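Here's a quick briefing to read alongside the coordinates. Take a look at the model first, then run through the notes below.

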Amino acid sequence: MILSRYNLKNISAQDIETPAESVFDLPEKVLQFGTGVLLRGLPDYFIDKANRRGVFNGRVVVVKSTDSDSSAFDKQDGLYTLCVRGLEGGKKIEENIINSSISRVLSAKDEWSEILQCAHNPNMQIIISNTTEVGIQLVQDDIHRLPPVSFPGKLLAFLLERYKAFDGSRQSGMVIVPTELIPDNGKKLESIVLELAHLNGLDDNFIQWLENCNYFCSSLVDRIVPGKPDAATREQLEKQFGYKDELLTMSEVYRLWAIEGGEHIKSVLTFASVDEGVVIAPDINLFRELKLRMLNGTHTLSCGLAYLGGFGTVKQAMDDAGMQTFISQLMLNEIATGIPYNVEHGVSQTFGNKVLDRFANPNIEHHWINITMQYTSKMKMRNVPVILTYAERIKTVPENIALGFAAYLLFLKPVNKKQDKFYGEWQGKEYLIQDDFAAYFFEKWSKLKPAQLADEVLADTSLWGADLSAIPGFAQAVKDNMASLLEAGVAKTIQTHQTKKVLA
């Protein structure tokens, strides 16, 4: 049996949420650029949840810009199963939901006229996008093409059609929420769309409507949605559910969609009221800082140490008492204290504990070696501001950060170069260093002993934008940790490190 609207009545599994037949009669309220799993696992998840509770009462028209096959959506009437797996408050969570938020999928290449027709729908209120970061860029685009080449071009063409359909009425303006992972994505998209409007010589009255009646909201999304499970898991789930689903999607429990906006945005995005994972606020920088520093920053300061310690995945490290303690103390005691933003202690601790649940999720396979990619750039962006702020506020050395930084320097010790690629080696095992500064470290390590290298790298203001060696005690702590890691290894260093903290 294939998942479809007709077959819903034949699904007898008790552990799955199925939609009511009435959902198929709801009006289309959302135009969504992108068919990817993040959209299906986050915005579409919230919309579906709200529809079940009789709150939003609207469905999604999806615009497919690539040549990817959308026949599964057609065969399954837009339905797909979302399997939510993970930990929440340390408790195991398993949810299976047949999502019915998507009404249809239209191809920009072959069905552009039908997409433009959606602009004539008075119920259409919202535009969502996830076209990857490359999608939000200015391209010299003719918006009268069928269709325009770029995502901003397609969006502008749709808004122009909307303007014409409703004679430029104020009420016909749209709420536009990009979810691409770039800072101020809404502001950036708005500036590109306005510039395209001028480049295409569009009417001044339209441009005024574009600026004054439409709302481009910056947003931040955070949820790991791996998508399709492996073949064995998929087979087991389909047997459990009693039907086949080509769009079966896995997701972690944690979810966040922080959207910049005020009361008008709340009045349109009513689905926000059904889940605490949707936050609408005038300023979402707090959420960006928490994610960047506590989740991403902890990854960055842990990845070298964990990899050199022989842990393949984040979950494996969380299963080890020493690494788990290191990661927790690093995040909750030091990074939380050094966030260069005014964050209440309770807020950072609540967020941090949720992150620890995510790290310990047995259903997510996150490899440390992948987290080491562009290690130096990540360290500068995510952690250097934290190190400087911590030193200024606390006036002591952040010991866990110093250990994480020492492991970073040791991981970035290229011992071999093959065809412009650099390789490190630890305990006889070779690994690829994927960092734009690998050549820099190759040169440094070829000339300097570990302590000298630490002093030079920490003092390199061209690398960090600050002299980290000037922080009292930090350079010495990094050097001591490097010596311990080289002599005693990771496990012993962590054990000694934590014993010292207890005695202190």
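There are 21 helices and 15 strands in this protein, and keep in mind that the model is a predicted one. The rest is sorted by topic.

**Overall shape and surface**

- Taken along the principal axes, the C-alpha atoms fill a box of roughly 70 × 55 × 50 Å.
- Of the 504 residues, 56% are buried.
- If you look at contacts between residues at least 6 apart in sequence, 76% of them join residues at least 24 apart.
- On the charge side, you've got 52 positive and 62 negative side chains, and the centres of these two sets sit 4 Å apart.

**The nonpolar core**

- In soluble globular proteins, nonpolar side chains tend to be buried together.
- Here the largest nonpolar core has 79 residues, and the members that touch the most others are Trp368, Phe405, Leu409, Phe474 and Val478.
- Leu409 is a handy one to click on: leaving out residues up to four places away in sequence, it touches Phe441, Trp445, Leu453, Ala454, Val457, Val478 and Met482.
- Val478, one of those Leu409 partners, is also on the list of core residues touching the most other members.

- Most residues other than glycine have a negative phi, and most peptide bonds are trans.
- The peptide bond from Leu146 to Pro147 is cis, with omega near 0°.
- Pro147 belongs to the loop between strand S6 (126–129) and helix H5 (151–165).
- Lys395 isn't a glycine, yet its phi is positive at about 65°.
- You'll find Lys395 in the loop between helix H15 (375–394) and helix H16 (399–411), and it counts as exposed because its relative accessibility is 65%.
- Asp420 also has a positive phi, near 65°, in a residue other than glycine.
- Asp420 sits in the loop between strand S13 (414–418) and strand S14 (421–426), and at 67% relative accessibility it counts as exposed too.

**A spot check on Asn353**

- Asn353 is part of helix H13, which covers residues 345–359.
- Is Asn353 buried, exposed or partly exposed? Its relative accessible area is 40%, so it lands in the partly exposed class.
- Asn353 and Val37 are 316 residues apart along the chain, and their C-alpha atoms are separated by 26 Å.

How values were computed:
Residues numbered from 1 in each chain as written. Predicted model: local features only at pLDDT ≥ 70, side-chain atom pairs only at ≥ 80, totals over all residues. Heavy atoms only, no water. Helix = DSSP H or I, 4+ residues; strand = E, 2+ residues; numbered from the N terminus. Buried < 20%, exposed > 50% of the residue type's maximum accessible area, 1.4 Å probe, protein only. Contact = heavy atoms within 4.5 Å. Lys, Arg positive; Asp, Glu negative; His and termini not counted. Charge placed at Lys NZ, Arg CZ, Asp CG, Glu CD. Core = buried A, V, L, I, M, F, W, Y, C linked by side-chain atoms within 4.5 Å.
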